[in-house]
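Visitor: I'd like to walk through this model with you, one question at a time. Shall we bring it up?

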Amino acid sequence: MIVATHRKGKQMAIELSSGRVFVVQLGMTGSLALESEPPRRGIETRHRHVRWDIEPPQPLPTARPATESRRRPSRGATSAQLVFRDPRRFGGIVAYRSMETLRDAWSLLGPDALTIEAPVLADRLRGSTRPVKAALLDQSTLAGVGNIYADESLHAARIHPLAAAGALEPAAVGRLAIEVRRILGHAVERGGSTLRDYRDAFGRPGDAVQVHRVYGRAGQPCLTCGATLLGTLLQARATVFCPICQDLSTFQNHKPTRSGRRVSTR
Ligand SMILES: [Zn+2]
């Protein structure tokens, strides 16, 4: 029986009454869905990698009651299943013996990005010569930022993804902490990003994809200044940035205006 759920960064944990804990990592294409009816043939029966029986079925709370009724277990149903699907297998499930062993594993993760404060972020980045985007993606530095939201946060904070993490001015780190919280919080509210066939637990696609300002937009105009967004690879991850808003050579001493003209702040 499931007694509690927990989350840190991008990992969520399902704690069972037996004491065991399963950590679900959605990766890019994984999903957890509550299902009260047998799957129809075809795509619904494929990629059902793990399922837990849940009895009796209880509708989970939702922020969007308008579509909830459609997903509620039908009258008379005697069981429901929590189903983990991962068509491309970037995610996975890891079993832990107890909450204690999970806490040990999670102690290696950095602070949670959803609540990161500037002084804590500055502390995590201090002394690092890595590109700031690499630091953001490193879950032991900060837990919860993936590729999309790293690009979006850095653009909103006007920081070049290749800038050395430890060389950021305090003001830049302050902007970054604010933008990471704002952009992740906004994405969580809207149900995440829809990459191909992502669905939330109630079968709804996320819609944060509609508000990406840089991710997936290399070659298109920056929505802030109109310059053409550039794409590059960082640690084999697609990285998109604006060469004006996020100017690597001058970002520490200058800041771009809305028109793209750089003004010294010294
Ligand atoms: Zn720009």
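Visitor: Is the crossing of H3 and H6 left-handed or right-handed?

Guide: Bear in mind that this is a predicted model. The two helices to look at are H3, residues 118-125, and H6, residues 170-190. Their axes come within 9 Å and cross at roughly 115°. As for the hand of that crossing, it's right-handed.

Visitor: How many charged residues are in the contact of H3 with H6?

Guide: Let's go through who meets whom. From H3 you have Ala118, Leu121, Ala122 and Leu125, and they meet Pro170, Val173, Gly174, Leu176 and Ala177 in H6. Sorted by class, that contact has eight nonpolar residues and one polar one, and Gly counts as polar here. For charged residues, that leaves none: the contact has no charged residues.

Visitor: Which residues does Leu176 touch, leaving out those up to four places away in sequence?

Guide: Leu176 is one of the H6 residues in the contact with H3. With residues up to four places away set aside, its partners include Leu121, which is on the H3 side of that contact.

Visitor: Which element gives the largest share of the largest nonpolar core?

Guide: That core has 37 residues, and Val145, Leu176 and Val180 touch the most other members. The elements that give two or more residues are H3, H4 (132-137), H5 (147-156), H6 and strand S9 (237-241). The largest share is eight residues, and it comes from H6.

Visitor: Over to the strands: which are the edge strands of the open sheet of four?

Guide: The sheet has the order S1-S2-S3-S7, with antiparallel pairing. On average, neighbouring strands there are turned by 20° against each other, direction ignored. An edge strand pairs on one side only, and that holds for S1 (2-8) and S7 (92-96).

Visitor: And what is the bridge partner of Glu15 in S3?

Guide: S2 covers residues 11-16 and S3 covers residues 21-25, and the two run antiparallel. Five bridges join them. In S3, the partner of Glu15 is Val21.

Visitor: Stepping back to the whole chain, what percentage of its residues are buried?

Guide: The chain has six helices and eleven strands. Among contacts between residues at least 6 apart in sequence, 61% join residues at least 24 apart. To count as buried, a residue needs 20 or more other C-beta atoms within 10 Å of its own. Of the 266 residues in the chain, the buried part is 27%.

Notes
Residues are numbered from 1 along each chain as its sequence is written. This is a predicted model: local features need pLDDT of at least 70, side-chain atom pairs count only at pLDDT 80 or more; totals for chains, interfaces and linings use all residues. Axes are lines fitted to C-alpha atoms, for helices over the stretch in contact, and angles run from 0 to 180 degrees between N-to-C directions. A crossing is left-handed if the near helix is turned anticlockwise from the far one by less than a right angle, and right-handed if clockwise. Two residues are in contact if their C-beta atoms, placed from the backbone, lie within 7 Å. A residue is buried if 20 or more other C-beta atoms lie within 10 Å of its own, exposed if 12 or fewer, and partly exposed in between; C-beta atoms are placed from the backbone. A nonpolar core is a set of buried Ala, Val, Leu, Ile, Met, Phe, Trp, Tyr and Cys residues joined through C-beta atoms within 7 Å. Two strands pair if DSSP finds at least two bridges between them.
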